[in-house]
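Biologist: Hi, I'm new to this one. Could you walk me through it?
Modeller: Happy to! Here it is.

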Amino acid sequence: MSIIGVINASVEDTVYSEDNVKLQINKTDVGNGTLFVTKEYLAWKPENREEGVSIPWLKITLHAISSAPSRSIYMILDFALKWPGVFDANGQANGGNEAPEVEEDEGNGSDASLGSDLGGSELHLLPQNPNAVDHIYEAMNHCQRLHPDPNDSISDDEFMEAEEDMANIQNLHIDDEERFADAEEN
């Protein structure tokens, strides 16, 4: 799952780092800290603590650029993140110096909590510098490609069967000249 402890990101393994990045777990502010995108894991170390959180790449189910709550990196983990003294399983910050800020769901479905529906955690990385979002995303893509999901690959036999099926479909031709007769023209 995740590793809670001292972050020792080596210069050789660090692909990108950014200071002043706010972390939200399940829409709860955890605080500001430093983000490390390394070849083996993504790590975040809060400003006010010695230990941080490290998440191996195979445990990050999804990552994307989000515009809500502001331009940020959105992630879904394949497990519920628990960080004793910082974030509890009930979605509350429980050890930081800041009071937790919880965003209210307006009930319109636009802010659905996909991660918690799947049994995982949702994370937002909100850098103080909005231009850093693209750099973080590209670094994450690079590192994610270094760790492909072994469950997503197909065997050579499956690939060959799919290729044979495509060869049979390739010569399919529709001779119906009237197939678009009811389409409106502009």
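Modeller: One term before we start: two strands pair if DSSP finds at least two bridges between them. Also keep in mind that this is a predicted model.

Biologist: Thanks! How many bridges join strand S2 to strand S8?
Modeller: Five bridges join them. S2 covers residues 14-25 and S8 covers residues 122-127, and the two run antiparallel.

Biologist: And what is the bridge partner of Ile25 in S8?
Modeller: That's Leu123.

Biologist: In what order do the strands of the sheet come?
Modeller: Eight strands make up an open sheet, in the order S1-S5-S4-S3-S2-S8-S7-S6, with antiparallel pairing. The edge strands are S1 (3-6) and S6 (60-66), and each of these pairs on one side only. From one strand to the next, the twist averages 30°.

Biologist: What holds paired strands together, in general?
Modeller: Strands of a sheet pair through backbone hydrogen bonds.

Biologist: OK, helices now. Which strands does helix H2 touch?
Modeller: Helix H2 (residues 132-145) packs on the sheet and touches S2, S3 (28-38), S4 (41-46), S6, S7 (72-77) and S8. The direction of H2 makes about 155° with that of S6.

Biologist: Which residues of H2 are buried?
Modeller: Ala132, Val133, Ile136, Ala139, Met140, Asn141, Cys143 and Gln144 are buried. The buried residues of H2 pack against S2, S3, S4, S6, S7 and S8.

Biologist: What about Arg145, buried or exposed?
Modeller: Arg145, which is also found in H2, has a relative accessible area of 58%, so it counts as exposed, the cut-off being over 50%. The C-alpha atoms of Arg145 and Lys39 are separated by 9.8 Å, while the two residues are 106 residues apart along the chain.

Biologist: What span should H2 have for its 14 residues?
Modeller: At 1.5 Å a residue, H2 should span 20 Å. Its end C-alpha atoms are 20 Å apart, which agrees.

Biologist: Changing topic: how many aromatic pairs are there?
Modeller: The count comes to one aromatic pair. Trp44 and Trp83 form it, edge-to-face, at 6.1 Å centre to centre with 90° between the planes.

Biologist: Where do Trp44 and Trp83 lie?
Modeller: Trp44 lies in strand S4 and Trp83 in the loop between S7 and helix H1 (114-117), so the pair ties together parts that are 39 residues apart in sequence.

Biologist: Are Trp44 and Trp83 buried or exposed?
Modeller: Both Trp44 and Trp83 are buried.

Notes:
Residues numbered from 1 in each chain as written. Predicted model: local features only at pLDDT ≥ 70, side-chain atom pairs only at ≥ 80, totals over all residues. Heavy atoms only, no water. Helix = DSSP H or I, 4+ residues; strand = E, 2+ residues; numbered from the N terminus. Axes fitted to C-alpha atoms, helices over the stretch in contact; angles between N-to-C directions. Contact = heavy atoms within 4.5 Å. Phe/Tyr/Trp six-rings, centres within 6.5 Å; stacked < 30°, edge-to-face > 60°. Buried < 20%, exposed > 50% of the residue type's maximum accessible area, 1.4 Å probe, protein only. Expected span 1.5 Å × (residues − 1).
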